Amino acid sequence: MAAAVRCLGRVVIQHQRHSLSKMAPLYPCSVCVQVPNRHFAAAMKPSKKTKKDAKEKVSNEKKDDIEKIKSYPFMEGEPEDDVYLKRLYPRQIYEVEKAIHLLKKFQVLDFTNPKQGVYLDLTLDMALGKKKKVEPFASVLSFPYPFASEINKVAVFTGNASEIKIAEENGAAFAGGTELVQKILDDEIQSDFYVAVPEIMPELNPLKKKLKKRFPKLTRNSIGRDIPKMLELFKTGHEIKIDEERENFLKTKIATLDMPSDQISANLQAVISEVCRHRPLNLGPFVVRAFLRSSTSEGLLLKIEPLLPKEVETKEINKEAA
C-alpha cells in the first residue's frame, strides 16, 4: 500500500515538472511579471448633484421654453377653428355681451349645469400716491336683478323700544340694545350683518375684535336712523370684499348663467360702480383687469374701459346729491 502511494506521488511530481517546463518559455526568468489578482475595475462613485445645480438646470429649461414661445410670431386675426394653439394668437379681449354669449355657449357644449354661478374677478390698482394704499374694504350692494334665494340674517342695535319693534316688524333676525353684546361674544347670536343707530355705537366697542369688518360703519351704510331702509339693503344685499391674501384682488358672484344677458350685464356694472367708489377717479382707473367666468369655464378677459365711471359723471351726481 505504501509503495503504491509513493508511486502515485512520483507521477504527480513529474507531471507538474512537465507542465512548468512547457510554460517556462512564455515567462523568461529575466522578466519579472506580476499577474494582477483583481480581474475587474472598481466602479466610480457618481458625483453628488447639489441643489444649486438642480435649480440652475430647471431655470435653464424654463428659459429655453420661454425663448421657444417667444420665437413663435402671433397670427393675424382671430382663429378660424374651435381648436387652435393659444400661443400663436394674442389673448382676446371681449365686450361684456360677447363674453356672456360665449359662457352660455360653453355651458351647452360642455353639458354643465345651466344654473351655475357667474363670477367677476377684478385686479385693482390700490396705490393712492406718496406710498399710500387703499385699505382693504368690504361693502354691501343691492343688485338690480337679485339671484340669491336665501335672505340674510340682520341684527339691529338700538336701545329704543319703539325702534326695536320697527326692526322686528321689518324682518330683523335680532333686535335689542347692550344685552345683545354679551350674547354675540358668547356665540349665542350669529348674523350675516349688523346695523345700529348712532346713539348706541359707544356701547358696541367690545364687539370690534369679534365682528371685525362686519362691525357697523358709516362707510358701509350700516349706521343710520332709517332702520327699515337699512334692513331692506342688508337682508337682500350682496357683500363684496378684497381678498385677504391678495390685497389687490376681488372676486364675487354676480349672477347665474340662466339669467338673461342684459340682467347679468347690469349686475356686473353695479359691482364695478360700487368698487370704484373706494378710490378717487382723478388717480386713474381703479380696475386694472377684469375676467368674467362661470363655475366650469375659463376666464374671459373683458374690455374694461366702457364699464368704468367717468369723472364728469361723478361730479354731476355729487351736485345733484348736494
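**Entry 1**

I started with Arg293, which forms a salt bridge with Asp121; the closest N and O atoms are 2.8 Å apart. This is a predicted model, so I read every value here as computed from the prediction. I then looked up where the two partners sit: Arg293 is in strand E10 and Asp121 in strand E1, 172 residues apart, so the pair links distant parts of the chain. Asp121 is buried, with a relative accessible area of 11%.

**Entry 2: two further salt bridges**

I searched the whole structure and found 7 salt bridges. One of them joins the side chains of Arg279 and Asp125, at 3.5 Å from N to O. Arg279 lies in the loop between H8 and E10, and Asp125 in the loop between E1 and strand E2 (127-129), so this pair ties together parts that are 154 residues apart in sequence. Arg279 is buried, with a relative accessible area of 5%, while Asp125 counts as partly exposed at 29%.

I also noted Arg277, which forms a salt bridge with Glu274, with the closest N and O atoms 2.7 Å apart. Arg277 counts as partly exposed at 49% relative accessibility, whereas Glu274 counts as buried at 12%. As a reminder to myself, side chains of opposite charge can pair when their charged atoms come close.

**Entry 3: the nonpolar cores**

Next I asked which residues have the most contacts inside the largest nonpolar core. They are Leu120, Leu124, Ile254, Leu268, Val275 and Leu292, in a core of 38 residues. I traced the core back to its elements: H3, E1, strand E9 (249-256), helix H8 (261-275) and strand E10 (287-294) each supply at least two residues. H8 gives the most, with 6 residues.

Leaving aside its neighbours within four places in sequence, Leu292 is in contact with several residues, including Ala99, Ile100, Leu103, Val118, Leu120, Ile254 and Leu268. There is also a second, separate core of 30 residues, and among them are Val140, Ile189, Phe215 and Ile223. In soluble globular proteins, nonpolar side chains tend to be buried together.

**Entry 4: a sheet of three strands**

I then turned to an open sheet of 3 strands, in the order E6-E5-E7 with parallel pairing. Which strands stand at the edges? They are strand E6 (174-176) and strand E7 (193-196); each has a single partner strand, so one side of each is left without a neighbour in the sheet. The twist averages 15° from one strand to the next.

Strand E5 (residues 154-157) runs parallel to E7, and 4 bridges join the two.

**Entry 5: two positive phi values**

Last, I looked at two loop residues. Phe111 is in the loop between helix H3 (96-110) and strand E1 (117-124), and its phi is near 55°, a positive value in a residue other than glycine. Phe111 counts as exposed, at 76% relative accessibility. Asn221 is in the loop between helix H6 (208-211) and helix H7 (227-236). Asn221 also has a positive phi, near 60°, and counts as partly exposed at 43% relative accessibility.

Technical notes:
Residues are numbered from 1 along each chain as its sequence is written. This is a predicted model: local features need pLDDT of at least 70, side-chain atom pairs count only at pLDDT 80 or more; totals for chains, interfaces and linings use all residues. Side-chain values use heavy atoms; hydrogens and water are left out. Buried means under 20% relative accessible area, exposed over 50%, partly exposed in between (1.4 Å probe, protein chains only). Two strands pair if DSSP finds at least two bridges between them. Axes are lines fitted to C-alpha atoms, for helices over the stretch in contact, and angles run from 0 to 180 degrees between N-to-C directions. A nonpolar core is a set of buried Ala, Val, Leu, Ile, Met, Phe, Trp, Tyr and Cys residues joined through side-chain atoms within 4.5 Å. Contact means heavy atoms within 4.5 Å. A salt bridge is a side-chain nitrogen of Lys or Arg within 4 Å of a carboxyl oxygen of Asp or Glu.
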